[in-house]
There are 2 protein chains.
Amino acid sequence: MPRSEFSLIRDYLTGLGASREDVRLGVGDDAALLQPPAAHMLAVSTDTLVAGVHFPEDAPVASIGHKSLAVNLSDLAAMAAEPAWATLSLTLPAPDADWLRDFAGGFDALARKHQVALVGGDLCRGPLAISVQITGFVPQGRALRRDGAAVGDHIVVSGYLGDAALGLQAWQGGERQASRTSPLIDRLHRPGPRVQLGLALRGLASAAIDLSDGLASDLDHLLTASGCGAEVALGQLPCSEAALRYAGTTAARQAALAGGDDYELCFSVPGWALPALAGIAADTGTPLSVIGRVVEKPGLRLRQPDGRLLPVSVRGYQHFSEEP
Amino acid sequence: MPRSEFSLIRDYLTGLGASREDVRLGVGDDAALLQPPAAHMLAVSTDTLVAGVHFPEDAPVASIGHKSLAVNLSDLAAMAAEPAWATLSLTLPAPDADWLRDFAGGFDALARKHQVALVGGDLCRGPLAISVQITGFVPQGRALRRDGAAVGDHIVVSGYLGDAALGLQAWQGGERQASRTSPLIDRLHRPGPRVQLGLALRGLASAAIDLSDGLASDLDHLLTASGCGAEVALGQLPCSEAALRYAGTTAARQAALAGGDDYELCFSVPGWALPALAGIAADTGTPLSVIGRVVEKPGLRLRQPDGRLLPVSVRGYQHFSEEP
């Protein structure tokens, strides 16, 4: 049944996420009114998901709601910011109440988990796309940036890389129910942002970035911002059991290096901070793998299994590719 | 020439708008780092423009950049908030550098005018759409909300209503260059948000809303939030000379009542504040028209030229219409 945008917003998009005392006026006026905390900076990021580009058109609807928030939380994680407020711009082809209910359910569950309140948004007609903007808090001088890596620092990644890229391959190939593909597809549809890890890295990591376009591409951004290079050992890239079983070692490593949609953190730590990582891994329930070192020579080079050191020519996902 | 998203962001979307000292880290990391002011609330709003829905597909590109920010500034104006920071999510069908340069030019000029810094965003491939989120500041307890109108208050609107709706009609009808249509089309493409007026209304207006869907629809939101009704005189609706010449009195008044895209303010003021309006109109260069009174009986009624008082049945633009 067709419904007005106002009744749809009222019924499905109001009150999503956590209740927070710092939200003085939420959804329903021209703007939300929010009380920022003293002695903190705001960390602000935005990411858009477009159907058929960032998620398959036939992805489970609740997972679209989850993922639209997760990719933004991942940006806050990479800044070591504590999530607080989100806004949502939703463009829908038709006023589908069932779709909205499922979408809101996925968004709401993840928002509550991370104490995020949905404070505003709009709903309009058009090709399916979701823009989320997120704001978090970080004490003065404690944010993680991309430009702090120093020569000699160790390069660390969280979790397992490449699962989502292989999950997309499986999804597109129609292998959707098999036990060997479902862990990969779950990583594609429901990435888990590393918010707690990011907070734990305050004062330890020298630089951080979240992995959305693929390790090779995203690590290159961090290195460029920091004015240095890196050597990474291909054999140290963390591949999951599921990825290795599904794709074999070579393809799994390739996915770990160049596949996108991981939403893990990649960060640099000075040697003195290395011993603290085991405790952080345990406390946050996050596998952490040291994959290489920061070096002076610009660019990313990859230590092959045979010992050769080769420049990385693979790239991550780009919406608009350069001409060769 | 195809270009990567990263080079397009660097060349066209970095450094837009004003330079602000409270932006400690702008475009280029996982999130921006922003310093909120003491003793202020943040006012946060977001609006998306979709090609073919919110603007004609063939609208001048610079005007799309202007309008995408203007509609968000208008929301801050209605809260009496001072604009500060914006983020931009841009979805483009192709990496068109000329398009981006023109879009950025329109966005940048309006942002500088209102001291807004672009602090983050993303660029991705898909059907043309622009999401902007804006943050402004308002001292504690000084924001204008929708829910403060009281019985006996006067209802005031800024500027002239209906021009943009008639401008759309002219644009779609191909009457684009004529001197009689160009002022209307300019109002459609380049709305001027009433930021200074909103700031001047702090402490005077009892409630405010910006007019985006049409006066009848938007005023109804204000009245519903305030738990009252209103009587508005059709003959008092401010129609521009251009609107009256182009459409005649009856159609111009209809456009003023039900046309969208005005981005004027509609607000209520108690009787004691009425004398201050003339000075505010002069100081801010904004025509202000008293169009009616707030009454106890819910709903919006319109005083016809023949003296009859009729309920308003027209509605503003809705993305998804209710079934009748």
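# Notebook: two chains, looked up piece by piece

**Entry 1. The two copies.** I laid chain A on chain B and got an RMSD of 0.0 Å, using a turn of 180° and a shift of 0.0 Å along the axis. The two copies are thus related as by a two-fold rotation axis. Next I looked at where they meet. Of the interface residues of chain A, 100% are also interface residues in chain B, so the copies meet through the same surface.

**Entry 2. Confidence.** I noted that this is a predicted model. Its scores are ipTM 0.91 and pTM 0.91. For chain A, the average pLDDT is 92. I also wrote down that 96% of the residues of chain A score at least 70.

**Entry 3. Helix H8 of chain A.** How far does helix H8 of chain A span between its end C-alpha atoms? I found only 18 Å, for residues 241-258. A straight helix of 18 residues would span 26 Å. I then looked for a bend. H8(A) has a kink of about 115°, centred on A:Gly248.

Which residues of H8(A) are buried? My list has A:Ala242, A:Ala243, A:Tyr246, A:Ala252, A:Ala255, A:Ala256, A:Leu257 and A:Ala258. I checked what the buried residues of H8(A) pack against. Their partners in chain A are helix H4 (163-172), helix H5 (182-189), helix H7 (215-226) and strand E12 (299-303).

Entry 4. I moved on to A:Asp261, in the loop between H8 and strand E10 (265-269) of chain A. Its phi is near 70°, a positive value in a residue other than glycine. Most residues other than glycine have a negative phi, so I marked this one. Is A:Asp261 buried or exposed? A:Asp261 has 17% relative accessibility, so I count it as buried, the cut-off being under 20%.

Entry 5. I found another case in chain B. B:Ala39 has a phi near 60°, again positive in a residue other than glycine. B:Ala39 sits in the loop between strand E2 (32-34) and strand E3 (40-50) of chain B. B:Ala39 is exposed, because its relative accessible area is 55% and the cut-off is over 50%.

**Entry 6. Strand E6 of chain A.** I looked at strand E6 of chain A, residues 129-139. Ten of its eleven residues are buried, so E6(A) is largely enclosed by the rest of the structure. Which strands pair with E6(A)? I found strand E3 (residues 40-50) of chain A, antiparallel over eleven bridges. Here A:Val50 stands opposite A:Ala129. I also found strand E4 (residues 82-92) of chain A, antiparallel over nine bridges. A:Thr87 has A:Gln133 in E6(A) as its bridge partner.

**Entry 7. A:Phe55.** I looked up A:Phe55 in the loop between E3 and helix H2 (61-78) of chain A. With 5% relative accessibility, A:Phe55 counts as buried. What is A:Phe55 in contact with, leaving aside its neighbours within four places in sequence? I listed A:Leu49, A:Val50, A:Ile64, A:Leu128 and A:Ile130. I also took one distance. A:Phe55 and A:Lys67 are twelve residues apart in sequence, and their C-alpha atoms are 8.9 Å apart.

**Entry 8. B:Trp99.** I turned to B:Trp99, in helix H3 (residues 97-113) of chain B. B:Trp99 counts as buried, at 13% relative accessibility. Leaving aside neighbours within four places in sequence, I found B:Trp99 in contact with B:Val61, B:Ile64, B:Leu90, B:Leu92 and B:Leu128. I then took a distance to B:Leu223, 124 residues apart from B:Trp99 along the chain. The C-alpha atoms of the two are separated by 41 Å.

**Entry 9. Strand E11 of chain B.** I followed the pairing of strand E11 (residues 288-295) of chain B. With strand E7 (residues 154-158) of chain B, E11(B) pairs in the antiparallel sense over five bridges. Strand E9 (residues 229-233) of chain B also runs antiparallel to E11(B), joined by four bridges. Which residue in E11(B) is the bridge partner of B:His154? I found B:Arg293. B:Glu231 stands opposite B:Arg293 as well.

**Entry 10. Helix H5 of chain B.** Last, I checked helix H5 (residues 182-189) of chain B. Its buried residues are B:Leu184, B:Ile185, B:Arg187, B:Leu188 and B:His189. These pack against helix H2 (61-79), helix H4 (163-172) and helix H8 (241-258) of chain B.

Notes
Residues are numbered from 1 along each chain as its sequence is written. Chains are lettered from A and ligands numbered from 1 in the order in which they are written. This is a predicted model: local features need pLDDT of at least 70, side-chain atom pairs count only at pLDDT 80 or more; totals for chains, interfaces and linings use all residues. Side-chain values use heavy atoms; hydrogens and water are left out. Helices (H or I, at least four residues) and strands (E, at least two) are DSSP runs, numbered from the N terminus. Buried means under 20% relative accessible area, exposed over 50%, partly exposed in between (1.4 Å probe, protein chains only). Contact means heavy atoms within 4.5 Å. pLDDT is the predictor's confidence in each residue, from 0 to 100. Copies are superposed by least squares on the C-alpha atoms of residues with pLDDT of at least 70 in both. The expected span of a helix is 1.5 Å times one less than its number of residues. The bend at a residue is the angle between axes fitted to the seven residues ending there and the seven starting there. Two strands pair if DSSP finds at least two bridges between them.
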